[in-house]
Amino acid sequence: MSFGFYAFFAPVSYSADPDPSSRGFDTHLGYEADLLTALEAMEGAGLSFTRHGIGPWDDIWLRSGGPEYDIVGGGITILDSRTRDAAGKQVVSFTSGHVHFRQSLLVRAEDVGRFFSHADLTSDVRVGALADTTGERRLLELTGLVDTAGALAAGTRVETPAGTVTADGSADYTINAATESPALEDRRHLYPPSEHMPQVVYLGDETGEPALLDALRAGRIDALARGEVGNLDAANASGGAFAVTALDDEVELGGFTLGIEDAALVSCLDEKIDYLTDNRRIGYAEWAADPNVFLHRAGEAD
């Protein structure tokens, strides 16, 4: 089976070489890579994955079940909205959740006290985000930039390649974790209508979150909104330069997507993923302590 994976979400899913033209781009590393290897190792499973790196994040979850990939992964949060195409028709299904996510902020270490929570983000603060991620969605929700339906607060100005548009509070200016209104596509910068809300800077369309990390390090943004797992990994790798703050209370689950017609394969994968993760009692923390934890479970199933 052909497995497409997001190439820029260390340590959950990433390529050995970030250059899409290199052979190493299709070498899969991280938490999900080791989970897949354990699936292949399970006696009698008959599973084998040919892995291919994917650079662009946009609608990555919809690229499974077609001519490109049988399965797609890469730290994708399970959302019903991500199973549907632009017409609202369900075209993919998610497997059982295999990893827990919580959203957070990554900041420079000296700014921990300044940005302790999302309530500390004001209009002079620039927060980096990758468009159409749950990191972006929760940032906008927690700061009041969108309502529960995803409609931008009236007066929000959004820079796009076609020019600047101003939201009027209606559904014509909506952002959620799966799609956005046509007027907001390829957004580059969001300016809030209130001093109690932050600016949002969009980077990493093609090169992923490394572009956001570079911007944080260089001071072009003040914080990065994304999952706790990735932010903790970046903080640990920064030598004390970065720190994680503003942990969200909401917990998300990540899974793989397959074509809607592949129900039997989804059921097969669910059974095996649930076993390998001990029904989600084994997750990122256990893998970080022992990257062979899933292989050990696979061996015990023989």
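Me: Where is the place of glutamate 195?
Reply: In this predicted model, strand 13 covers residues 189-191. Glutamate 195 lies in the loop between strand 13 and strand 14.

Me: Is glutamate 195 buried or exposed?
Reply: The relative accessible area of glutamate 195 is 54%. A residue counts as exposed over 50%. Glutamate 195 is therefore exposed.

Me: Which residues does glutamate 195 touch, not counting residues up to four places away in sequence?
Reply: The C-alpha atom of glutamate 195 is separated by 18 Å from that of aspartate 168, 27 residues apart along the chain. With residues up to four places away in sequence left out, glutamate 195 touches Thr122 and Ser123.

Me: Which way do the residues of strand 14 point?
Reply: In a regular strand the side chains alternate between the two faces of the sheet. In strand 14, Gln199, Val200, Val201 and Tyr202 are all buried. Gln199 and Val201 point one way, and the other way point Val200 and Tyr202.

Me: Which residue of strand 14 is the bridge partner of alanine 129?
Reply: Strand 10 pairs with strand 14 in the parallel sense, over four bridges. In strand 14, alanine 129 has as its bridge partner tyrosine 202.

Me: Which residue stands opposite valine 200 in strand 14?
Reply: Strand 13 and strand 14 run antiparallel and are joined by two bridges. The residue opposite valine 200 is leucine 190.

Me: Which elements do the buried residues of helix 3 pack against?
Reply: The buried residues of helix 3 include Ala211, Leu212, Leu213, Ala215 and Leu216. After helix 3 comes glycine 219, with a positive phi near 85 degrees. The buried residues pack against helix 4 and against strands 9, 10, 14, 15 and 16.

Me: Which element gives the largest share of the lining of the second largest pocket?
Reply: The second largest pocket holds about 230 Å³ of space. Its lining has 15 residues, and Phe8, Phe9, Ala10, Tyr14 and Pro210 lie nearest the centre. Strand 2, strand 3, helix 3 and helix 4 each give two or more residues to this lining. The largest share, three residues, comes from helix 4.

Me: How many charged residues are in the lining of the largest pocket?
Reply: The largest pocket, with a volume of about 480 Å³, is lined by 24 residues. Nearest its centre lie Asp59, Asp132, Ala178, Thr179 and Glu180. By class, the lining has eight nonpolar residues and four polar ones, and the charged residues number twelve.

Me: Why is the pair of phenylalanine 9 and phenylalanine 101 tilted?
Reply: The whole structure has eleven aromatic pairs. In the pair of phenylalanine 9 and phenylalanine 101, the ring centres are 6.0 Å apart and the planes are at 40 degrees. Planes under 30 degrees apart count as stacked and over 60 as edge-to-face.

Me: Is phenylalanine 101 buried or exposed?
Reply: Phenylalanine 101 has 4% relative accessibility. Buried means under 20% relative accessible area. Phenylalanine 101 therefore counts as buried.

Me: How are the rings of tyrosine 31 and tryptophan 287 paired?
Reply: Tyrosine 31 lies in helix 1 and tryptophan 287 in helix 6, 256 residues apart. Both tyrosine 31 and tryptophan 287 are buried. Their ring centres are 5.8 Å apart and their planes are at 80 degrees, so the pair is edge-to-face.

Key:
Residues are numbered from 1 along each chain as its sequence is written. This is a predicted model: local features need pLDDT of at least 70, side-chain atom pairs count only at pLDDT 80 or more; totals for chains, interfaces and linings use all residues. Side-chain values use heavy atoms; hydrogens and water are left out. On a 1 Å grid over the protein atoms alone, a cavity is a set of points where a 1.4 Å probe fits but cannot get out, and a pocket is an open set with protein on both sides within 12 Å along at least five of seven lines; lining residues have an atom within 4 Å of a point. Grid points are joined across faces, edges and corners, and a volume is the space filled by probe spheres set on the points. Ala, Val, Leu, Ile, Met, Phe, Trp, Tyr, Cys and Pro count as nonpolar, Asp, Glu, Lys and Arg as charged, and the others, Gly among them, as polar. Buried means under 20% relative accessible area, exposed over 50%, partly exposed in between (1.4 Å probe, protein chains only). Contact means heavy atoms within 4.5 Å. Two strands pair if DSSP finds at least two bridges between them. Rings of Phe, Tyr and Trp (its six-membered ring) pair if their centres lie within 6.5 Å; planes under 30 degrees apart count as stacked, over 60 as edge-to-face and the rest as tilted.
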